[in-house]
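Reader: Hi, I'm new to this one. Can you bring it up and walk me through it?

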Amino acid sequence: MKKISLKYSLSGCLKLFFRNPIMTLASLCLLASTLVVFAFTFAVTHNIDSISENEGNVCIFLSDECDEEGISAVRDILSELTDEGVVDYVDYVSKSEALEAQKERYPEYSKLFASFTAENSPFKASYTVSVVDEYGYSKVRRAVNNLTFDKLDSEGMPVLYDPIYQVYDDGEAITEIENLGDNIVGVLGLLIPITLLVCIVLISAVVRMGIFDKREEISLMRLIGTTHKYISAQFIFEGLFIGLLSSVGAIIVVRLMYNSIITKIAEGIKLFTPLDFSQIAVGVGAICLIFGILSGVTGSLIATARYIRKD
């Protein structure tokens, strides 16, 4: 009996596309699209969280006048911050190393770079500092600000010079990205429930048409003593099938589009390394399956409760 019931339910699901092809495809596409948006919202928020947790860098560019004494003084300050637990690590890049890095990054400009040496390089020596938390940005800035040294000019006269050319940190950019992410989540937090409600109503309409088309079968099943739960289960299975098919389609679309979309976002922001899909695959799959199946079952439950009599 169970095998017959399962076969009957599966055949009923396949008949959906022949019975009401337009509405069935519309419900599938709308639900799948909603789940794709939901999944990408989840992916974006997780990438933003990753930025907040892992991209806490301060870049200290040294002036061209900065000599070994200035480089050493900045290094000592950063070492003290490391001992205090403000800084995770410190990475120094000299002018020549910065030049070589740019040569490797932009090989198409090899002729232009060939005219530069370590002495006339337009790229600054720098310290890249990773801070432990958001308060580290201001602590590092305060530590290196107003740092000056005496130096003899061309006439042998002592002059003051600032070894720091510029200090740049990720703090403001990360804050802006977090605010943008909050705004996106806020807008989609209103739109997604509305579209899910529309999907539920549409699925309910598809199942309702199936109930009307099978009125004679339902009457016959009642005559032979079939229970209300058994009759309703056939149509609930149809809603479940729509939800499951939409979920699988949404997962496939997100998997195919994720890398290209998130890479373009990362290139535009130039601040973070995007998460690999494998790091968010479980969350994306859970969101699509849970909300897809829940929408399908809810829509079919509404239809069966309203249009299949219990007596």
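Author: Terms come before the tour. Helices (H or I, at least four residues) and strands (E, at least two) are DSSP runs, numbered from the N terminus. This is a predicted model: local features need pLDDT of at least 70, side-chain atom pairs count only at pLDDT 80 or more, and totals for chains, interfaces and linings use all residues. Residues are numbered from 1 along each chain as its sequence is written, and side-chain values use heavy atoms, with hydrogens and water left out.

Reader: Ok. Which residues make the nonpolar surface patch?

Author: Leu244, Val248, Ile252, Val253, Leu256, Met257 and Leu289 make a patch of about 570 Å². Helix H9 (residues 228-269) gives the largest share, 6 residues. A patch takes residues with over 30% relative accessible area and no salt bridge; like charges are joined within 9 Å, nonpolar side chains (Val, Leu, Ile, Met, Phe, Trp, Tyr) within 5 Å. Areas come from the Shrake-Rupley method with a 1.4 Å probe, and for residues only the protein chains shown count as cover.

Reader: What about Val248, where is that?

Author: Val248 sits in helix H9. Its relative accessible area is 39%, so it is partly exposed. The scale: buried is under 20%, exposed is over 50%, partly exposed is in between (1.4 Å probe, protein chains only).

Reader: New topic. Which residues form the negative surface patch?

Author: Asp76, Glu80, Asp83 and Glu84. Asp and Glu count as negative, Lys and Arg as positive; His and the chain ends are not counted. A charge is placed at NZ of Lys, CZ of Arg, CG of Asp or CD of Glu.

Reader: Is Glu84 buried or exposed?

Author: Exposed, as the relative accessible area of Glu84 is 57%. Glu84 is in the loop between helix H3 (68-83) and strand S2 (87-93).

Reader: Salt bridges next. How many in the whole structure?

Author: A search finds 3. Each is a side-chain nitrogen of Lys or Arg within 4 Å of a carboxyl oxygen of Asp or Glu. Side chains of opposite charge can pair when their charged atoms come close.

Reader: What does Lys95 meet?

Author: Asp64, at 3.3 Å from N to O. Lys95 is in helix H4 (residues 95-105) and Asp64 in the loop between strand S1 (57-62) and H3, so the bridge ties together parts 31 residues apart in sequence. Lys95 is buried at 17% relative accessibility, while Asp64 is partly exposed at 44%.

Reader: And which residue does Lys124 bridge to?

Author: Asp64 again. The closest N and O atoms are 3.0 Å apart. Lys124 lies in the loop between helix H5 (110-113) and strand S3 (126-131), so this pair ties together parts 60 residues apart in sequence.

Reader: How far apart are Lys103 and Glu100?

Author: 3 residues, about one turn of helix H4, where both lie.

Reader: Last one. How many aromatic pairs?

Author: The count is 3. Rings of Phe, Tyr and Trp (its six-membered ring) pair if their centres lie within 6.5 Å; planes under 30 degrees apart are stacked, over 60 edge-to-face, the rest tilted. Phe38 and Phe291 have ring centres 4.8 Å apart and planes at 55 degrees, so that pair is tilted. Phe38 is in helix H2 (residues 21-54) and Phe291 in helix H10 (residues 277-307), 253 residues apart.
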